[in-house]
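Here are my notes for your first look at this chain. Keep the viewer open while you read.

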Amino acid sequence: MASKDADPSLGYLTRKDTEVKLPRPTRVKNKTPAPIQITAEQILREARERQEAEIRPPKQKITDPTELADYRLRKRKEYEDLIRRVRWNTSVWIKYAQWEESQKDFNRARSVWERALEVDYRNHTLWLKYAEVEMKNKFINHARNVWDRAVTLLPRVDQLWYKYIHMEEMLGNVAGARQIFERWMSWMPDQQGWLSYIKFELRYNEVERARAIYERFVQCHPKVGAWIRYAKFEMKNGEVVRARNVYERAVEKLADEEDAEQLFVAFAEFEERCKETERARCIYKFALDHIPKGRAEDLYRKFVAFEKQYGDKDGIEDAIVGKRRFQYEDEVRKNPLNYDAWFDYIRLEESVGNKGRIREVYERAIANVPPAEEKRYWQRYIYLWINYALYEELDAGDMERTRDVYRECLKLIPHEKFSFAKIWLLAAQFEIRQLNLKGARQILGNAIGKAPKDKIFKKYIEIELQLGNIDRCRKLYEKYLEWAPENCYAWSKYAELERSLSETERARAIFELAITQPALDMPELLWKAFIDFEISEGEYERTRELYERLLDRTKHLKVWISYAKFEASAMEETDGDKDVAEDGVLEHEAKNGCVKRARRVFERAINYYRTSAPELKEERAMLLEEWLNMESSFGELGDVSVVQSKLPKKLKKRKQITSEDGVSGYEEYIDYVFPEENQATNLKILEAAYKWKKQKLSTEDE
């Protein structure tokens, strides 16, 4: 009964049974080096000496015909038995046939070869060995018979043909060799077979025959390499006209092939060797025009080298431009939406100055419209149109084409999604340069109607202002403010225009309308402009009203400071207006009144920060500092002590910084403690002490 640990894969043995037990390594107790050291060379020599002699079969000497017959019979029986076992093994048949040959029994050897061929006649090695045996023993007709059968059965094995032809040539049978070549050529072999035939004819100086073979060769293999070989053959024989004719025929047939570049290069180099530089240049240019740019790298390199060697300055520049043109063509072919490559390509063409090519490249470039209607994809593309229009206007001087370019560009842009103010303005400025003011106004009017933008309004107003059309400017400002009522810049500029025209009431009405807007992008600038306007007009009461209205909206620190500064500076204007400089008393009173008004503003501000916004300690401190500086600037009229009693103390404090992981540390900050806060804290301490004493007395009474 098998053990339960037995494994079928191990022949039903246990893992323990299959373990190899190695002998325990003996411990070397004495580790000191031996007195006599043995080298590796001695070990190898000793191993060599102890090797046993190789066992070889005894040499057999045959002394009479009987022994020879027995030996042959035994050997043949061995070979026949071997063949019966492995009939398909070619090497056995070859050994058998070669043994029969060594016995000089050629009929038997031929019989063995024939039997082998019956087994596998497609094996060309058998044919080769068979024919070599016949040739080696000078059985020429037998060899011819073997070769003939071989090439008939296996016409696609080139080696058989080569050996057959070589044998006939070695025998001096040139006509027979030629006949074999003709038989071979009827099978249309590869190029090497044809070239071997040509070389064979040239060895016997049969140039005409070789030429005829070349003609058949290029018909059989109409490839660039075959035609080039044919032309070189003619050139080698000094037949320049024939060689040129070959190249011309090749160009007619193979100009559209993929490897046509090699043909053109070879043709041009041929003409160059013949000192026909103009012909070579024409060939290069023809090739560059007909071959796709992606396959003409070598051609461009050769053309540049040719021009550097034979051309003048213009020719060299043309060649270099052609090479760079090829590079740009390759780039724009790979990615037509690579607008930077188009810009570089256009710049190259503009440096050459060929109007036709420049326009062609521009047209190709602008045809690559961005696939998505998103402005970020169009931002580079639109400059192609701009550059095209500027080229037509400035370089080409064709104003109608320029107008068409701008028109087509504006038609192409999807204005309902996005637009470019630059294009509208450039088109309008172009019309102005052409003294077509009506056209410029029409373009800018369309721009405001289709895609209103700040830049367009500003430029249009600027143009009309330069022309002195105030009514148009007013209409444009109205349109501007209808489109963007929150734009403080537009309101300010509109009021500024009216003020420059001495229309004070209109300017004031515009400002009043502006500050009543529900939403403004920069209200502080608008209020400042309004206040500055009233101050410049000398309307101090109106200015105060404005400040009060502004304080109803916002209690920002800067508003308080600005208000106070206005009140402080208003006295100088008052002096000038009432002309009381000569009367010192009145001047002093006026200044004193201004100082008091400024103080009242500061006191209102401090009161607001103390009662309504006690958390804004830093702003309150800054306000007090500003007040202190102003009191100092008042000189005699100023009272610094009023402010100093209100100044806070600066305390450096620390607070915990809390992050997502918890408390991560502390940071320092400046805290301000105002005098009233100090009094409040002192009162709290007294109250706590009084409560403690009262509690203590009550416990004692109990």
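1. Where does Gln103 lie? Gln103 sits in the loop between helix H4 (90-102) and helix H5 (106-119). Helices (H or I, at least four residues) and strands (E, at least two) are DSSP runs, numbered from the N terminus.

2. A word on the source. This is a predicted model: local features need pLDDT of at least 70, side-chain atom pairs count only at pLDDT 80 or more, and totals for chains, interfaces and linings use all residues. Residues are numbered from 1 along each chain as its sequence is written, and side-chain values use heavy atoms, leaving out hydrogens and water.

3. Gln103 is buried, with a relative accessible area of 17%. Buried means under 20% relative accessible area (1.4 Å probe, protein chains only). Not counting residues up to four places away in sequence, Gln103 touches Leu68, Tyr71 and Arg72. Touching, or contact, means heavy atoms within 4.5 Å. The side chains of Gln103 and Arg72 also make a polar contact (3.1 Å). That term means a pair of N or O atoms within 3.5 Å; within protein, one must be able to donate a hydrogen and the other to accept it, and residues adjacent in sequence count only if both atoms are side-chain atoms.

4. Now the whole chain. The protein chain has 35 helices and two strands. Of its 702 residues, 37% are buried.

5. Last, Trp342. Leaving aside residues up to four places away in sequence, Trp342 touches several residues, including Val332, Pro336, Arg364 and Leu384.

Technical notes: Buried < 20%, exposed > 50% of the residue type's maximum accessible area, 1.4 Å probe, protein only.
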